[in-house]
Amino acid sequence: MPYITIKQPPKYYQMTFEDIMAGVQDLSQYVMPNVTNTRTYWVDQPNQKLLYNTNVGRMIRLLREYNQSKEALFAKDRASLYHTFHIPKSSGELRRIDAPLTALMCALRELKMLLETHMFALYHTTSFAYVRGRSTIDAIKRHQRNESKWFLKLDFTDFFGSTTPAFVLDMLSQLFPFSEIIKRQDGKEELQKALSLCFLNNGLPQGTPISPFITNVMMIAIDHKISNTLRQFDNRRFVYTRYADDLLISCKIDFDMGSVQQLVVDTLSGFSAPFTIKKEDTLRFVRRAQLESGSDA
């Protein structure tokens, strides 16, 4: 029962009779390109045409060739392949950065390209971090289009560091075409081996070119579940966006913060996520004006 994510085609606005009679020449206003939007479907099983056109054997062969070409890196102590340093966070604490040395950096970029190009790895349309052509401003605009006035901001606990290889593999097993690759023992082994190069101390290090990409892919099913459940939750129209480990949920009218918070917690638990939301001081319920001004009060 995999999730299938595809690029969403452009949206078109229908011309009115008045437009036609006025002889409108500029059609750009009727086309909304949405070049970064995606659409995710949950299906019982991929249809036969899709399976026929997906060369799983070739994907596994490419993973095997990748792994064979990186045997020297697999043989090395993983910590020796990183340069570790710390940068200050806005909270005053320090954020640990594990930057790969040149050989590993190139290998991780190559793997990212392999997964993107040959395995069609994308992201859920509610995800805005680390996606070319998207920013925090684009996420806010999605809430503005809903004319939202109330916003709930949530953060995940240790999002990167607590993400384990086992969790990533489990989430990929629910996404097409990884679901088909993992069904084959050789495919599972090759994918598992390739992904192992992305981890340090059983977590995703911050500072690599592939960690953000992996989080976006692994979160597709979770983002899809939260977004769809919120769509008509409590007879209100909510908007949900995620920027890495920051979640923003909004509505036109006041809503029960605790119920929405619990919905997110239950969804994470349902997918056996190794992280949950922070509850101590990062849970904020703010008006639109406060959000746009940067105030959390």
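Which residues does Met219 touch, not counting residues up to four places away in sequence? This is a predicted model, so everything I say is about the prediction. In it, Met219 touches Phe156, Phe159, Arg242 and Phe275. Met219 sits in the loop between helix 10, residues 211-218, and helix 11, residues 220-231. Its relative accessibility is 0%, and since buried means under 20%, Met219 counts as buried. His124 is 95 residues away from Met219 in sequence, yet the two C-alpha atoms are 7.6 Å apart.

Now the overall picture. The protein has 297 residues, and 45% of them count as buried. There are 13 helices and 10 strands. Taking the contacts with a separation of 6 or more, 72% are between residues 24 or more positions apart. The accessible surface comes to about 15900 Å², and carbon and sulfur atoms hold 52% of that.

Next, helix 3, which runs over residues 56-69. I will start with one of its residues, Val56. Is Val56 buried or exposed? Val56 has a relative accessible area of 15%, so it is buried. Leaving out residues up to four places away in sequence, Val56 touches Glu180 and Ile181. Val56 and Phe178 are 122 residues apart in sequence, with 8.8 Å between their C-alpha atoms.

Helix 3 also packs on other helices. With helix 9, residues 185-196, the axes come within 9 Å and cross at roughly 40°. That angle makes helix 3 oblique to helix 9. The crossing of these two helices is left-handed. On the helix 3 side the contact is made by Ile60, Leu63, Arg64, Tyr66 and Asn67, and on the helix 9 side by Asp186, Gly187, Glu190, Leu191, Lys193 and Ala194. By type, the residues of this contact are 5 nonpolar, 2 polar and 4 charged.

How do helix 3 and helix 5 pack, and at what angle? Helix 5 covers residues 102-118, the angle is about 175°, and the axes are 11 Å apart. The cut-off for roughly antiparallel is over 145 degrees, and helix 3 and helix 5 are therefore roughly antiparallel to each other. Helix 3 contributes Arg58, Met59, Leu62, Leu63 and Tyr66, while helix 5 contributes Ala107, Leu108, Glu110, Leu111, Leu114 and His118. This contact divides into 8 nonpolar, 1 polar and 2 charged residues.

On to helix 7, residues 165-172, where the buried residues are Phe167, Val168, Leu169, Met171 and Leu172. Their cover includes helix 8, helix 9, helix 10 and helix 11. Between helix 7 and helix 8 there is a loop that holds Pro177. The peptide bond from Phe176 to Pro177 is cis, with omega near 5°.

Last, two backbone details. Phe120, in the loop between helix 5 and helix 6, has phi near 55°, a positive value in a residue other than glycine. With a relative accessible area of 47%, Phe120 is partly exposed. Ala244, in the loop between strand 8 and strand 9, has phi near 60°, also positive and also in a residue other than glycine. Ala244 is buried, at 5% relative accessible area.

That is the end of the walk. I can take questions.

Conventions. Residues are numbered from 1 along each chain as its sequence is written. This is a predicted model: local features need pLDDT of at least 70, side-chain atom pairs count only at pLDDT 80 or more; totals for chains, interfaces and linings use all residues. Side-chain values use heavy atoms; hydrogens and water are left out. Axes are lines fitted to C-alpha atoms, for helices over the stretch in contact, and angles run from 0 to 180 degrees between N-to-C directions. Helices (H or I, at least four residues) and strands (E, at least two) are DSSP runs, numbered from the N terminus. Angles under 35 degrees count as roughly parallel, over 145 as roughly antiparallel, 65 to 115 as roughly perpendicular and the rest as oblique. A crossing is left-handed if the near helix is turned anticlockwise from the far one by less than a right angle, and right-handed if clockwise. Contact means heavy atoms within 4.5 Å. Ala, Val, Leu, Ile, Met, Phe, Trp, Tyr, Cys and Pro count as nonpolar, Asp, Glu, Lys and Arg as charged, and the others, Gly among them, as polar. Buried means under 20% relative accessible area, exposed over 50%, partly exposed in between (1.4 Å probe, protein chains only). Accessible areas come from the Shrake-Rupley method with a 1.4 Å probe; for residues, only the protein chains shown count as cover.
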